[in-house]
Amino acid sequence: MVGSGAGRRRGASCPGGLRGGAAVVALLLVLAGCSDGGDAAAGGGTGGGATGAASARPAGPSPSSSAARPKTSSSTDSAAAAARWRKGSPALTAALAELAEDRPDFAVAVRDNRSGAVYSYRGRTRFETASVVKVDVLAALLLQAQNQDRPLTSAERGLARRMITASDNAATSALYRKVGRSAGLRRANERLGLTHTTPASSWGLTRTTALDQARLVSELRDGRGPLSPASRTYATGLMRAVVPGQRWGVSAAARSGEKVALKNGWLPRSTEGHRWIVNSVGRVTGKEVDVSIAVLSHGHRSQASGIATVEEVAELTRTHLRW
């Protein structure tokens with residue numbers, strides 16, 4: 001069953017799974033104010049073993065005009081955050097590569113929504129979504145209602161709440177039909193900039209990347225995107241109201257007092273000997289934090305071991321990038 005039922009908190013350490021081969025790593029650091037095209041350049045492929053070099057690109061006016069303009073507090077903070085990510089990325093990459101030696105296949109992407117910095121480890125590798133696709137279905141529904149210049153109906157709101165907060169599959173299927181199934185989701189994804197997500201006729205088997213999922217979560221706060229302020233607030237509110245048994249995953253990286261909006265997905269995949277897909281996407285916000293993160297994985301012997309791996313990956317990003 002895709003993403004229904006209560007998930008368990010972290011269990012025993014994950015047993016060995018899919019192994020071998022160095023993961024491809026890529027890093028793109030973009031300071032706030034640059035064009036939002038970073039995801040297209042960030043992330044690696046699925047083979048090799050190359051490590052992308054960190055880079056930073058200043059935002060705003062040309063060098064001749066910026067010299068006369070003093071740095072604002074926000075631009076100074078953004079530059080400092082980008083520097084922290086650039087400094088911490090080699091150690092994070094090494095830690096993730098070490099973890100990958102005895103864990104099943106995983107990928108992670110992190111976006112600092114304040115500085116514009118983006119980090120990814122195997123960020124362009126495609127994984128099946130399981131229930132994290134439900135955020136995408138919700139975004140498609142909201143865009144459809146916006147196109148028709150109307151609010152969601154009470155029936156749609158009820159289905160959306162069950163789909164996100166309780167990961168209800170029947171509600172998701174009803175809304176997937178409503179948005180036009182795979183064709184409708186594909187049209188929505190074109191507007192959302194999800195260039196490496198391929199909707200499937202069976203919504204849980206949609207294929208995506210960690211970079212696309214982190215971008216989607218960031219669209220829920222980006223005023224430059226196609227979602228209206230009301231739509232973004234509504235979606236974020238649902239993701240903050242997920243039932244207690246499903247609040248595991250990227251929430252492991254949050255600190256006391258910070259808010260987490262998330263959606264998880266889990267599925268024993270018949271084509272992989274009933275080993276588990278375990279995914280988690282979300283956004284962590286606080287006084288000095290606004291980060292979108294996506295961890296995708298598959299090949300776990302149990303749901304509990306998959307959750308443990310996803311949470312460890314999420315925590316490692318915070319430890320080394322100091323977000």
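## An exposed arginine at the end

Let's start with R322: with a relative accessibility of 51%, R322 counts as exposed. Exposed here means over 50% relative accessible area, buried means under 20%, and partly exposed is anything in between, worked out with a 1.4 Å probe on protein chains only. R322 sits in the segment after α10 (303–321). Its phi is near 55 degrees, a positive value in a residue other than glycine. Most residues other than glycine have a negative phi, and most peptide bonds are trans.

R181 is another residue to look at: its phi is also near 55 degrees, again positive in a residue other than glycine. R181 lies in helix α7, and with a relative accessible area of 43% it is partly exposed.

## What you are looking at

This is a predicted model, in which local features need pLDDT of at least 70 and side-chain atom pairs count only at pLDDT 80 or more, while totals for chains, interfaces and linings use all residues. Residues are numbered from 1 along each chain as its sequence is written, and side-chain values use heavy atoms, with hydrogens and water left out.

The protein chain has ten helices and nine strands. These are DSSP runs numbered from the N terminus: helices are H or I with at least four residues, and strands are E with at least two. Of the 323 residues in the chain, 55% count as buried. Take the contacts with a separation of 6 or more: residues 24 or more positions apart account for 72% of them. Contact means heavy atoms within 4.5 Å.

## A covered helix

How many of the ten residues of helix α8 are buried? Ten of the ten, in a helix that spans residues 210–219 and is mostly covered.

## Helix α4 and its partners

Two packed helices are described by the angle between their axes and the distance between the axes. The axes are lines fitted to C-alpha atoms, for helices over the stretch in contact, and the angles run from 0 to 180 degrees between N-to-C directions. Helix α4 (residues 133–147) packs with helix α9 (residues 229–239) at an angle of about 150 degrees, and their axes are 10 Å apart. That makes α4 roughly antiparallel to α9; the cut-offs are under 35 degrees for roughly parallel, over 145 for roughly antiparallel, 65 to 115 for roughly perpendicular and oblique for the rest. On the α4 side, V135, L138, L142 and Q146 meet S231, Y234, A235, L238 and M239 of α9. Sort the residues of this contact and you get seven nonpolar, two polar and no charged.

Now turn to helix α7 (residues 181–192), whose axis comes within 9 Å of the α4 axis and crosses at roughly 85 degrees. That makes α4 roughly perpendicular to α7. Here V133, D136, V137, A139, A140, L143 and N147 in α4 meet L185, A188, N189, R191 and L192 in α7. This contact divides into eight nonpolar, two polar and two charged residues.

## Zooming in on V137

V137 is found in helix α4. Is V137 buried or exposed? It is buried, with a relative accessible area of 0%. Leaving aside neighbours within four places in sequence, V137 is in contact with M163, L175, Y176, V179 and L185. V137 and G184 are 47 residues apart in sequence, while their C-alpha atoms are 9.2 Å apart in space.

## Two aromatic pairs

A search of the whole structure finds two aromatic pairs. Rings of Phe, Tyr and Trp (its six-membered ring) pair if their centres lie within 6.5 Å; planes under 30 degrees apart are stacked, over 60 edge-to-face, and the rest tilted. F106 and Y121 are stacked, at 5.7 Å centre to centre with 20 degrees between the planes. This pair links distant parts of the chain, with F106 in strand β3 (residues 106–112) and Y121 in strand β4 (residues 117–121), 15 residues apart. Both F106 and Y121 are buried.

W248 and W266 form an edge-to-face pair, 5.6 Å centre to centre and 65 degrees between the planes. W248 lies in the loop between α9 and β7 (259–269) and W266 in strand β7, so the pair ties together parts 18 residues apart in sequence. W248 is buried at 1% relative accessible area, and W266 counts as buried at 2%.

Methods
Nonpolar A, V, L, I, M, F, W, Y, C, P; charged D, E, K, R; others polar.
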